[in-house]
Amino acid sequence: MGKVTGFKEFDRLREPALPTAERIKNYQEFVLHLSDEDAKTQGARCMDCGIPFCQSGCPVNNIIPDFNDLVFRQNWREALDTLHSTNNFPEFTGRVCPAPCEAACTLNINNDAVGIKSIEHAIIDKGWEMGWVVPQPPKRRTGKRVAIVGSGPAGLAAAQQLARVGHDVIVFEKNDRIGGLLRYGIPDFKMEKSHIDRRVAQMQAEGVQFRLSQHIGADLADATPASALMADFDAVILAGGAEQPRDLPVPGRDLKGIHFAMDFLPQQNKVVAGDNILGQTMATGKHVVVIGGGDTGSDCVGTSNRHGAASIAQFELLPMPPEHEDKPSVWPYWPIKLRTSSSHEEGCERDWSVATKRFIGSNGAVEKIVAVRVEWKDQGGQMQMQEVPGSEFEMKADLVLLAMGFISPTQNGLLEQFAALGVEKDQRQNVKAVTEGTMAYQTTNPKVFAAGDMRRGQSLVVWAIREGRQCARSVDEYLMGASELPR
């Protein structure tokens, strides 16, 4: 390492961010990348640990010690090449990844982990600023055609990898813009969509074609059936999202003012992009209750703050996690601990071990939420939830946002048609495909592959990129008999 004692000399630095009062006035990114000097200092904290658990903690297996050392030495160009060797889109992960690599950092055993995510963020921003991120068109064409359904991170990663080895790749996206949940699920204040747009431009220069508003298998007059893709292409990759949200079937659910998070968030993203949304769901002046304590719920909090909500409460069914994990018992794995996002810092009342009983309203609109406190007890090796007697309470709620996760891909249309072509689903109703062996990500129809949330269920951007890259290698091997793409 460039500075063997750096981890003892320097503290972890948090990336600079705009103050709350300033950032909630707009939807622009407010987390800034480290300066060159600060990035160098953070790179110096990477210790000569012998076994870099950070690499195995990272789903794309980034070569983290190497690019940390290169940043310390201010060799930014080589650091970018090292980062790109395992990750097609570090500007996405450098902004929205929860950084499981840092949980696995050896320094994290008894100190603050190396700021790996912040270094990655600095590297890729430097790369774009210096003009080092350029198209890499193939040196030869194979004549093979690959259709990719879905333009989220899994579909984009697979498309770029396959285009760079000479295949003709066409990405079909049902929405009006490329990016999937990157585009419409992540608020602009966490990741501005210009990052997607310039990657799309790069990929188009590499030969990838994008077809928008193409809802494959939908019951629409101009929709393309799955059978047409099978006939026109040498291989098909299913890379859509897990878009079926978990509902809350309690009395009053049909009242107006109760929405799924993914009906609420995309509207604001479209408005930021310049669209005019008639009847947009707004939190302005309302008492907002977000049900679900994960990242999507946090995004609802941040968006509601920017709308100017009167109050925001966020409920989580599970108990409040500890502020600090028991590192000896969980390291290097992802710990369960209290996580406070930037959106929470902007203003939100959080509550745990709360179950929703019913909604109350008048004139067809929600006015109150009735909830109860619960406790979790171990019964026969399984945690069971029990209501706490006498703990029922009411809270004013003009707008309720359901952010309780996603259970599977949408079942009708696309998956129904591919099921008729021999593509099976697993017990969770995801597309069935193994991830090991010579033909990883291949479904029960040899010509069809699956990657990302459509195969594994709701997950992280970094897992989607990993699966898209690995799936691309299997498709290349299927088409050509061998592949030089990394796995």
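**Note on helix packing and selected residues**

1. Helix α14 passes α15 in a left-handed crossing (that is, the near helix is turned anticlockwise from the far one by less than a right angle, whereas clockwise would be right-handed). The model is a predicted one, in which local features need pLDDT of at least 70 and side-chain atom pairs count only at pLDDT 80 or more, while totals for chains, interfaces and linings use all residues. Residues are numbered from 1 along each chain as its sequence is written, and side-chain values use heavy atoms, with hydrogens and water left out.

2. For α14 (residues 261-272) and α15 (residues 295-307), the packing angle is about 50° and the axes are 10 Å apart (axes are lines fitted to C-alpha atoms, for helices over the stretch in contact, and angles run from 0 to 180 degrees between N-to-C directions). The two helices, α14 and α15, are therefore oblique to each other (under 35 degrees is roughly parallel, over 145 roughly antiparallel, 65 to 115 roughly perpendicular, and the rest oblique). On the α14 side the contact is made by Ala 261, Phe 264, Leu 265 and Gln 268, and on the α15 side by Thr 296, Asp 299, Cys 300, Thr 303, Ser 304 and His 307 (contact means heavy atoms within 4.5 Å). By class, the residues in this contact of α14 with α15 comprise four nonpolar, five polar and one charged.

3. In α5, the residues Asp 66, Phe 67, Leu 70 and Val 71 meet Trp 76, Glu 78, Ala 79, Thr 82 and Leu 83 of α6. The contact of α5 with α6 has six nonpolar residues, one polar residue and two charged residues.

4. Glu 91, which is found in helix α7 (residues 90-96), deserves a look as a buried residue, with a relative accessible area of 0% (buried means under 20% relative accessible area, exposed over 50%, and partly exposed in between, with a 1.4 Å probe and protein chains only). Once neighbours within four places in sequence are left aside, Glu 91 is in contact with Ile 124, Trp 128, Met 191, His 195 and Arg 199. With Trp 128, the side chain of Glu 91 makes a polar contact of 3.5 Å.

5. Positive phi values occur in two non-glycine residues that may be inspected together: Ala 99, with phi near 65°, and Asn 363, with phi of about 55°. Ala 99 is found in the loop between α7 and α8 (100-103), and at 6% relative accessibility Ala 99 counts as buried. Asn 363 is found in the loop between β10 (354-362) and β11 (365-379), and at 81% relative accessibility Asn 363 counts as exposed.

6. A cis peptide bond, with omega of about 10°, joins Trp 331 and Pro 332, and Pro 332 lies in the loop between α16 (327-330) and α17 (342-345).

7. Leu 460, in the loop between α19 (453-456) and α20 (461-480), is partly exposed, with a relative accessible area of 29%. The C-alpha atoms of Leu 460 and Gly 405 are separated by 12 Å, and these residues are 55 residues apart along the chain.

Note on methods:
Helix = DSSP H or I, 4+ residues; strand = E, 2+ residues; numbered from the N terminus. Nonpolar A, V, L, I, M, F, W, Y, C, P; charged D, E, K, R; others polar. Polar contact = N/O pair within 3.5 Å; in protein donor to acceptor, adjacent residues only side chain to side chain.
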